[in-house]
Each structure stands twice: as C-alpha cells, then as structure tokens.
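Welcome, and please open the model in your viewer. We will go from one selection to the next and see what is there.

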Amino acid sequence: MPISSEQATHDRDQHTPDFATITARQQETWSEGDFHQIARLNVVMAEALCEAADLRGGERVLDVACGSGTAALVAARRYCDVTGLDYVESLIERARSRARAEAMDVDFVVGDAQELPFPDASFDAVLSVYGVQFAPNQERAARELLRVCKPGGRIALASPPPFGWSGDFFAVNAKYVPPPAGLASPLRWGTAEGLRSLLGADIASLDIQERPAYQYFRSIDHAVDVFLTHFGPAIKASAASEDGHYRNHIEDVFRRYDRGDDASAVIENTYLLSVAERA
Ligand SMILES: C[S@@+](CC[C@H](N)C(=O)[O-])C[C@H]1O[C@@H](n2cnc3c(N)ncnc32)[C@H](O)[C@@H]1O
C-alpha cells in the first residue's frame, strides 16, 4: 500500500536524530572530568596543524571546539588574531587563563560548533583538533566551517581515523555508551571519503596526510588512570561498565599501541591531518 506524504514525513522525522538533545548530552559528557589534563596530548597535533595551514602573523584564525585553547594558543604565538570557541564554559575559562599566563590576547567564546556566532567569511583559517568532529549534526558543522572561512582561506583539521589508537579507543567507548541511532561516527572525519563528502563542492583543494602523534605516560596504568580521571567520554563509559571491564578493555588498547621499551608508555596515535582551501 502506498504511504501518504504525511506518513513519509512522519517516518522521516522518526529517523532524524534529535540533534539538540544529543548535543546537550554530549556537552554534559565533555564537562565531566577536566579535559585540560588530556589536552597536553594534543599539543603535537596543534603545532603540526598550524604549520600545515601555514598560518601567518596578522591572519584571523578560528579554533573550533578549542577545549582549553591549545591550538588557539599555538596560532596566537604566530601573531595571528585568534578566536577560540567551545561549548564547555570551564574549558573556555581555562583557555582564557592560559592566554593571560602567556600575556597573549585571544578571544575565547562559549558556543556551539553547529551554530558559529560569526558572520560569513570572517576568518582566513579555521582549525579544529579532535573537536568539531564530535558535533552530532556533521553536515551542519561542516557548513558552518565553510561559511565562516573566507574564499581562498584554509580549513585545517586534525581528525581521529577509524583505525589505530583513536579508532580502537572510540570503538571500545561505543560498546559501553552506544551512539544514538542514525548518528554518523565522528571517525567519518578521519577518512578521505568522509572529508570529501562533508566539505563537498565548496573547496578548491584538499590535502590529506596520516601522521603519528606519540603520547607519553609513566606507565600503561598511569595512561589508563589519566583517561579514567579526566576524559569525559571515558568517565561516562566507565560508569556504564560492570566492575573493571571498561578499564581492562581500554588497557588492552593502550598496550596494543605502546611502542616503549621500558616501564613507561609511549602510545602511538595516528591522526588525519587535512588542509582544505575554501573555494
Ligand atoms: C577531544 S576535545 C579537544 C579539545 C581541543 N581541540 C584540543 O585539542 O585540546 C573535544 C572538544 O570538543 C568540544 N566540543 C564537542 N562538540 C562541540 C560542539 N558541538 N560545540 C562546541 N564544542 C564542542 C568539547 O567540549 C571538547 O572541548
């Protein structure tokens, strides 16, 4: 029996994820713990990203989902005019205090990556390190990156791919806190096809490289403790797990990527570094 257009609309609505509710829930997750204690692991990626984007003094730069401001501060050290945005207020406060400690003038604002509070074509470069990739409405977040970037500007991303330490870590997390039905994985941004489909026809070029980024800890136990104490998604997954299961699972992932040759841990993470030129 053919369905009415009213019914089709109803069915479609039933299958559209509720982005507002998911965003609010994710915001709670990222507010747990203290991501700033994890952000040190992202410094290497932030440095590589600013280098790959070839940021120049005086350029206007936006760091989307900036956390405690790691990439924003790297850009500010190059004398760029920098804005950082994140929806976790405590991280934005931390970013402001980091900028003050370095006597640098950076504009940090609280906001959602899916609804950037900036006019069209405001920035010469738009960055995100393991940040915008978590926005549930990926198409909308991608459109926002493109919208605020000037024609000829760069959108530079460090993204988690569906393999390596990042892929395995987030796969374990998803077992304990299954993603809402119908939601695309954040790891989509860490693939060439995903990036092409998200940034679409509005880019003139797309340069993509796989890069290693090593994470150094005192030991595997220490690595796991750091994540279970400070990393919101790990805290959530651990709370959803029976005694110790999640910890064992995550410990296996760290062991798999430990390249150290002593009691300390040297975890090899692979990430996708991409620079797109806005058409
Ligand atoms: C893995 S952390 C990375 C933070 C920072 N880019 C860094 O490298 O240190 C992910 C960040 O994305 C932020 N985030 C996730 N979804 C967001 C959204 N829709 N809008 C704004 N911030 C978001 C979180 O609050 C968190 O600070």
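A residue counts as buried if 20 or more other C-beta atoms lie within 10 Å of its own, exposed if 12 or fewer, and partly exposed in between, with C-beta atoms placed from the backbone. Helices (H or I, at least four residues) and strands (E, at least two) are DSSP runs, numbered from the N terminus. This is a predicted model: local features need pLDDT of at least 70, side-chain atom pairs count only at pLDDT 80 or more, and totals for chains, interfaces and linings use all residues. Residues are numbered from 1 along each chain as its sequence is written.

**Stop one: helix α11.** Select residues 232-239, where Pro-233, Ala-234, Lys-236, Ala-237 and Ser-238 are buried.

**Stop two: the whole chain.** Zoom out to find 12 helices and seven strands. The radius of gyration, taken over C-alpha atoms, is 19 Å, close to the 19 Å from the globule rule (2.2 Å times the number of residues to the power 0.38) for 279 residues, so the chain is as compact as a globular protein of that length. Of the 279 residues, 44% count as buried.

**Stop three: the core.** A nonpolar core is a set of buried Ala, Val, Leu, Ile, Met, Phe, Trp, Tyr and Cys residues joined through C-beta atoms within 7 Å. The largest one here has 80 residues, and Leu-49, Val-64, Ala-71, Ala-75, Val-126, Leu-127 and Leu-145 have the most contacts inside it. Strand β7 (residues 265-278) gives the most to this core, with seven residues. Next, pick Val-64: leaving aside residues up to four places away in sequence, Val-64 touches Leu-85, Ala-113, Val-126, Leu-127, Ser-128, Gly-131, Val-132 and Leu-145, where contact means C-beta atoms, placed from the backbone, within 7 Å.

**Last stop: confidence.** Colour by pLDDT, the predictor's confidence in each residue, from 0 to 100. The chain's mean is 94, and 95% of its residues reach 70 or more. Select residues 1-12, however, and pLDDT stays under 50. Where pLDDT is low, the predicted coordinates should not be read in detail.

Notes. Contact = placed C-beta atoms within 7 Å.
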